[in-house]
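I open this notebook to record what I looked up in one chain. The sequence and the model come before my entries.

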Amino acid sequence: MGGDLQALEPAAFETEEEFQELLARHPRVLDFGSLADASRCGCCWWRARMGVPASAESGPAYWLDHLFVDADGVPTLVEVKRASDTRIRREVVGQMLDCAANGGARYWPGALLQRSFGETCLADGRSLEEAYGELLGDRSAEEFWAMVEERLAAGQMRLLFVADRIPLELRAIVEFLNRQMRQTDVYAVELTQYRDAGDLRVLVPRIHGEVTTAAKSPSGRRTTQRTTRADMDTVIRTRRASETRRIATALLDHAAATGRLEGGTAKYPSMSVYYPVAGRQVPIWTLSLYGNPAKEELAFSFGSIIHHLGLDGAAAFAESLPTVPGLAKKLEVQREKGYKGWPSVTLSAIAVETRCGGGDPGRDSTAHGWPGSFA
């Protein structure tokens with residue numbers, strides 16, 4: 001037995017690219033147990049680098065190193081740095097929070113994530129059936145990615161800082177963020193590499209942040225309670241502007257009558273609508289009622305539309321929407337970029353447009369442009 005033992009010595013990663021590639025090829029090395037819910041992360045990699053736009057109309061402003069997802073639809077955002085990189089102390093924290101707040105919570109619609117997953121499987125020579133076999137269970141792919149999108153919007157995600165050595169300053173920041181962020185788990189993963197004289201290598205992870213994660217109150221963790229129509233109606237009734245109340249109610253009534261409403265899980269009330277188009281249930285728009293009534297908006301899921309119906313279908317839908325000044329400019333940008341974003345229009349802007357004769361959401365929404373038509 002003793003003759004089979006091999007001596008292994010700590011070995012640094014020669015380049016950050018080597019470090020990145022190892023994680024991309026072996027994401028299970030981050031599949032550590034969670035003390036909070038006694039389950040494993042179950043990470044499944046689908047994109048090595050994910051672009052993070054600064055607005056719905058712009059391209060990527062910066063990049064996330066890795067994006068993972070587990071079978072519960074919980075996203076895991078990963079930033080990787082070697083300890084020799086001085087950015088690991090502070091800059092990497094700001095970059096991670098930028099990715100979580102902008103890409104994760106605002107500009108990664110489910111259809112974009114689903115398309116990225118398919119592209120990565122194709123590039124990796126892996127069949128979609130095999131990849132989805134680990135994730136879907138009895139759900140459809142659309143339902144799964146809609147769940148991922150909702151978790152991102154609600155801040156229900158994991159943030160992982162991965163390095164070959166975690167500085168004390170970063171550990172302190174991770175523990176602080178974990179205490180303050182109720183919906184998001186934050187970890188620092190120290191990944192030490194050991195090698196022999198040949199090609200054998202062993203990666204040993206050490207997790208920082210589990211104690212503060214486990215200490216979070218159960219009531220503050222990953223609630224999945226969805227907004228109901230009654231919740232939306234309660235908020236709508238509190239709004240002073242009668243035109244805004246009427247528009248929000250008319251949109252929800254139209255959706256309930258001709259499509260399928262699905263409540264969101266974000267901290268603010270929201271509902272998305274799926275319309276039957278060409279034999280498919282296509283997510284078309286989301287109505288969000290924020291704390292500030294002036295910001296309440298109707299957002300259009302062009303990423304989902306183009307995924308289901310192609311470029312011509314997305315262009316036809318865009319053409320069917322009324323010409324509201326703020327929305328018209330966003331749609332023009334979408335046209336130039338191939339309809340891949342999530343343009344939105346405030347309810348107050350719709351109210352101004354309908355008062356000027358551009359349509360009446362309380363009547364035939366398809367004929368008058370709200371929420372649009374594929375005819």
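The entries below go from the whole chain to single elements.

Entry 1, basis. I worked from a predicted model, in which local features need pLDDT of at least 70 and side-chain atom pairs count only at pLDDT 80 or more, while totals for chains, interfaces and linings use all residues. Residues are numbered from 1 along each chain as its sequence is written, and side-chain values use heavy atoms, with hydrogens and water left out.

Of the 375 residues, 51% are buried (under 20% relative accessible area; exposed is over 50%, partly exposed in between; 1.4 Å probe, protein chains only).

Because 10 of its 14 residues are buried, α5 is largely enclosed by the rest of the structure. Among the buried residues are Phe 144, Trp 145, Glu 150 and Arg 151. Gly 155 follows α5 and has a positive phi, near 75°.

Entry 4, strands β5 and β6. In β5 (residues 66–69), I noted His 66 and Phe 68 pointing one way and Leu 67 and Val 69 the other, all of them buried. β5 runs antiparallel to β6 (residues 75–80), joined by 4 bridges; two strands pair if DSSP finds at least two bridges between them. Phe 68 has Thr 76 of β6 as its bridge partner. The hairpin has 5 residues between the strands, and Gly 73 takes a positive phi near 75° there.

I found α3 (residues 110–123) packed against α10 (residues 302–320) at about 50°, with axes 6 Å apart. Axes are lines fitted to C-alpha atoms, for helices over the stretch in contact, and angles run from 0 to 180 degrees between N-to-C directions. The contact (heavy atoms within 4.5 Å) involves Ala 111, Gln 114 and Arg 115 of α3 with Gly 303, Ser 304, Ile 306 and His 307 of α10.

I traced 5 strands in the order β10-β11-β12-β13-β14, with antiparallel pairing. β10 (260–263) and β14 (344–346) are the edge strands, each pairing on one side only. Leu 261 stands opposite Val 273 in β11.

Methods. Helix = DSSP H or I, 4+ residues; strand = E, 2+ residues; numbered from the N terminus.
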